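Please keep the sequence and the structure in view while reading.

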Amino acid sequence: MNRMNALLATRRAARQEQADESVARIIEDARRHGLDLLVVGSLGKGDFRLHSDVDLLVRGTITPARRALAERLVARHLRHTGLPYDLIFEADLSPDRLADLLHDLV
């Protein structure tokens, strides 16, 4: 492995560690608030890369107040990390799209 590849691998590993730690805190905080969040996308599939974002699926039915709570909670935890994220609500998805998101999760 050349120096550039080694540097990129080190940065990717550090970014994934940051994402994993942040997501663990988010899920714990969400549970305390009665929200069920699931990691999907590249992080959930075990394919997180240097420029990947964090994709979180909010499970179950959702009221406007609970939607706002989920959005505030995730934003608070990721605000200063530099990690982009997508917050996806199960209630907004078709059954086929939900199945696609849940496919191949680790």
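Strand β2 and strand β3 (residues 85-89) run parallel and are joined by five bridges, where strands are DSSP runs of E with at least two residues, helices are DSSP runs of H or I with at least four residues, and both are numbered from the N terminus. Two strands are said to pair if DSSP finds at least two bridges between them. This is a predicted model, in which local features need pLDDT of at least 70 and side-chain atom pairs count only at pLDDT 80 or more, while totals for chains, interfaces and linings use all residues. Residues are numbered from 1 along each chain as its sequence is written, and side-chain values use heavy atoms, with hydrogens and water left out.

**The sheet**

| Residue | Opposite residue |
|---|---|
| Val39 | Leu56 in β2 |
| Val58 | Phe89 in β3 |

From β2 the chain passes through helix α3 (residues 64-78) to reach β3, and this β-α-β crossover is right-handed, which is to say that, with the strands pointing away from the viewer, the path from the first strand over the helix to the second runs clockwise. Taken together, the three strands form an open sheet in the order β1-β2-β3, with mixed pairing. Because β1 and β3 stand at the edges and each has a single partner strand, one side of each is left without a neighbour in the sheet. On average, neighbouring strands of this sheet are turned by 25° against each other, direction ignored.

What makes strand β2 largely enclosed by the rest of the structure? Five of the five residues of β2 (residues 54-58) are buried, so the strand is largely enclosed; buried means under 20% relative accessible area, exposed means over 50%, and partly exposed lies in between, for a 1.4 Å probe and protein chains only. In a regular strand the side chains alternate between the two faces of the sheet. In β2, Val54, Leu56 and Val58 point one way, whereas Asp55 and Leu57 point the other way.

**Helices and the whole chain**

The chain has four helices and three strands, and from the N terminus on its elements run α-β-α-β-α-β-α. Helix α1 (residues 3-32) lies across β1 and β2 and runs at about 155° to β1; such angles run from 0 to 180 degrees between N-to-C directions, with axes that are lines fitted to C-alpha atoms, for helices over the stretch in contact. Of the 106 residues of the chain, 37% count as buried.

**Individual residues**

Ser42 lies in helix α2 (residues 41-45) and counts as buried, at 17% relative accessibility. Leaving aside its neighbours within four places in sequence, Ser42 is in contact (heavy atoms within 4.5 Å) with Asp47, Phe48, Ser52, Asp53 and Asp55.

Arg67 lies over the face of Phe89, at 4.2 Å from the ring centre, where a charge sits over a ring if NZ of Lys or CZ of Arg is within 6 Å of the ring centre and within 35 degrees of the ring normal.
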